[in-house]
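Subject: Structure handover

Hello,

Here is the structure for you to look through. Please open it first, then read my notes below.

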Amino acid sequence: MTAASITAPLSTLRPDVDRITGRRRLRRNRRTDWSRRLVRENTLTVDDLIWPIFVIDGENRREPIAAMPGIERVSADLAAEEAKRGADLGIPAVALFPNVEMALRDQTGSEILNPDNVMCRATQAIKEATPEIGVITDAALDPFTDHGHDGILRDGIIVNDESVAQIAKAAVLQAKAGADIIAPSDMMDGRVGAIREALDAAGHSDIAIMSYTAKYASAFYGPYREAIGTDATLKGDKLTYYVDPANSDDALREAETDVAEGADMLMVKPGLPYLDIVRQVKDTFALPTFVYQVSGEYSMIEAAAANGWIDGERAMMESLLAFKRAGADGILTYFAPRVAEKLNAA
Ligand code: PBG
């Protein structure tokens with residue numbers, strides 16, 4: 001049934017509406033398992049999953065993340081093993097986020113321009129071991145700056161164009177290291193176009209851009225900041241460059257700009273509090289649209305489940321299915337390997 005026919009007065013469609021609605025039994029289709037499966041509108045599959053992985057320096061190193069039970073930071077060699085496991089489970093892609101040594105962080109995030117930085121090394125290690133899995137890298141500066149912002153900070157301002165130039169150079173290095181998709185999460189104006197130009201000029205016209213197009217100034221990133229160490233570095237807030245949670249038109253303008261600048265895929269972040277934005281972006285631009293179930297969403301489910309307040313497994317599956325219902329083509333989720341195992345076992 002189309003939305004239009006739902007909203008049209010029923011009496012215009014069926015003059016005998018009173019008699020019909022009196023007999024309507026919507027529960028009929030829900031009566032049995034086979035029937036529920038038959039009428040199901042949306043499904044979650046392993047092909048929908050992108051697995052975010054936190055990477056650190058060193059070898060054979062794993063560190064737990066207190067605010068994200070069950071998630072660890074891993075060195076490049078172990079990230080390669082994780083990615084291999086992901087590929088074996090059928091997960092299409094991983095997304096890498098680095099926790100950079102504090103001594104390497106500075107005002108401009110210059111370590112992001114080191115072709116041998118932790119992000120590039122992890123990318124190389126994964127691509128060598130498991131070329132068949134997609135590798136998505138973030139070109140934002142926040143893990144590399146000593147102030148935790150996604151751009152360069154000068155006199156209390158995140159300077160846009162200088163940041164964009166740095167981010168575009170970083171994207172080329174990540175592509176050289178083997179990244180398949182560059183996903184800039186910084187929200188600087190003009191970064192998608194600058195990255196596209198820089199990639200093309202360096203001979204990487206096949207490398208795609210997944211733009212964090214509608215990235216909100218959200219409280220739900222808390223545990224992530226512990227994971228990459230920006231809880232300690234971040235000075236102030238990101239309100240001058242992330243989207244205001246009160247707005248949806250602004251998100252559409254962001255998306256329109258990113259599409260015009262050459263984005264191949266769009267992403268909305270966080271996930272569950274922004275399902276309306278996922279739907280609008282998908283319907284308006286008809287591009288592959290992704291959603292990021294962020295750290296705070298993960299940790300809330302885990303914490304409530306650990307307390308016995310909710311059934312964590314069911315909440316995990318229900319939250320991911322909600323993204324599909326909202327129109328998402330894929331989901332970045334820390335639950336990815338667990339969900340893949342569950343779906344494969346079913
Ligand atoms: C910043 C960035 C953030 C996340 C990924 N990259 C947000 C932030 O720290 O402001 C959040 C991911 C998550 O919470 O899982 N470039």
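A salt bridge here is a side-chain nitrogen of Lys or Arg within 4 Å of a carboxyl oxygen of Asp or Glu. The model is predicted, so local features need pLDDT of at least 70 and side-chain atom pairs count only at pLDDT 80 or more, while totals for chains, interfaces and linings use all residues. Residues are numbered from 1 along each chain as its sequence is written, and side-chain values use heavy atoms, with hydrogens and water left out.

**Salt bridges**

Side chains of opposite charge can pair when their charged atoms come close. The structure holds 25 salt bridges. One of them joins Glu 63 to Arg 61, at 2.5 Å from N to O. For the cut-offs, buried means under 20% relative accessible area, exposed means over 50%, and partly exposed is in between (1.4 Å probe, protein chains only). Arg 61 and Glu 63 also belong to a salt-bridge network with Arg 73 and Glu 101.

Next, look at Arg 191 and Asp 258, which form a salt bridge at 3.6 Å, N to O. This pair links distant parts of the chain, 67 residues apart: Arg 191 is in helix H8 (residues 191–201) and Asp 258 is in helix H11. Helices (H or I, at least four residues) and strands (E, at least two) are DSSP runs, numbered from the N terminus. Arg 191 is buried, at 1%. Asp 258 is buried too, at 2%.

Glu 313 lies in helix H14 and Arg 338 in helix H15 (residues 336–345), so the bridge ties together parts 25 residues apart in sequence. Glu 313 is partly exposed at 33%. Arg 338 is partly exposed at 30%.

**Helix H12**

Which residues of H12 (residues 275–285) are buried? They are Leu 275, Ile 277, Val 278 and Val 281. They sit on the same side of H12, because they cover an arc of only 160° around the axis. That arc is taken from the directions from the helix axis to the C-beta atoms. The buried residues pack against several elements, including strand E9 (208–215) and helix H11 (249–261). Contact means heavy atoms within 4.5 Å. Just after H12, Ala 286 takes a positive phi of about 50°.

Best wishes
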